Amino acid sequence: METRLWREMLMPYYAAVDELKMKFEQIAKECRDLGIYSPIETVKGRVKRIPSILEKAQKKDIEIEDIESLIQDIAGIRIICQFVEDIESVVEIIRKRKDMTILEERDYVTTSKPSGYRSYHIIIEYEVHMYDGIKSIKAEIQIRTLAMDFWGTIEHSLQYKYNGKMPSHIRARLHAAAEAIVMLDNEMSTVRSEIMDAQNDMQNTDYIITEILCNIQNLYGVANTREINKIQDEFYRLYELKNTDMLQRFCNELDIIAEGYRAQSIQEGF
């Protein structure tokens, strides 16, 4: 296949990765904006490199003209979660979507690969609107925890280095590390509620501080300098105390002051 044709063939896959990445990032943002826990921590995306596509085709004895129909992970999305429990939540989100069709699911979390690899894989069919019409492609979505992703990245690098012929002593150490990852994920699950509470508290505090600063900024145009300086001094005093309840009360009082001046905060522009 000529270079130009490869480029044309891969264009819809790049478009799909960009769109899917944006959609899953929007879900995480929506959760945070609503003040609820997001099972999605981060989202990554990539289109398989041409040498990797050719290598996989050769390994699986796939003809060039069959690459798009038989290789399912040319477009890849990786969704990273904090906890094992979040993986099922993300899977349910994908199952309910109408803009992607699930073709296959592979659960390597419940039953890991012999190497120790753990992740949840979903193969989807996704339509991309290109300039010359709609292109339907296949994409692979991998869902894993932060710990699983760390292990998987290291394992992938070593497989590349040794061209799939990893020395037995390194393979054994990787497998031991995989078992440690399982223990780490399980341990994190036992304190999941405490961690989520702490993160929600941090997010709530950030929201309060942002609203206070927005109100102060808006008051600059209408209130006198002396009053604004007094408000700022009180804010810095409360901020140093790290007391969320006191900051919330101050925020409520500042809302009333801003309302009196008709200078209520507009958070989106801050």
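Buried denotes a relative accessible area under 20%, exposed over 50%, and partly exposed the range in between, for a 1.4 Å probe and protein chains only. The model is predicted, so local features need pLDDT of at least 70 and side-chain atom pairs count only at pLDDT 80 or more, while totals for chains, interfaces and linings use all residues. Residues are numbered from 1 along each chain as its sequence is written, and side-chain values use heavy atoms, without hydrogens and water.

**Helix 7**
- Helices (DSSP H or I, at least four residues) and strands (E, at least two) are numbered from the N terminus.
- Helix 7 covers residues 192-219, and its 28 residues should span 40 Å at 1.5 Å a residue, which agrees with the 41 Å between its end C-alpha atoms; the expected span is 1.5 Å times one less than the number of residues.
- The buried residues of this helix are M196, T205, I208, I209, E211, I212, C214, N215, I216 and L219.
- Helix 8 (225-241) and helix 9 (244-260) are included in what covers these buried residues.

**Packing of helices 6 and 7**
- Helix 6 (residues 168-190) packs against helix 7 at about 65 degrees, with the axes 4 Å apart; axes are lines fitted to C-alpha atoms over the stretch in contact, and angles run from 0 to 180 degrees between N-to-C directions.
- Helix 6 is therefore roughly perpendicular to helix 7, a class that spans 65 to 115 degrees.
- M188, S189 and T190 of helix 6 meet R192, E194 and I195 of helix 7, where contact means heavy atoms within 4.5 Å.

**E140**
- E140 lies in strand 5 (residues 133-145) and is buried, at 6% relative accessible area.
- Beyond four places in sequence, E140 touches residues including R106 and H121.

Note on methods: Angles under 35 degrees count as roughly parallel, over 145 as roughly antiparallel, 65 to 115 as roughly perpendicular and the rest as oblique.
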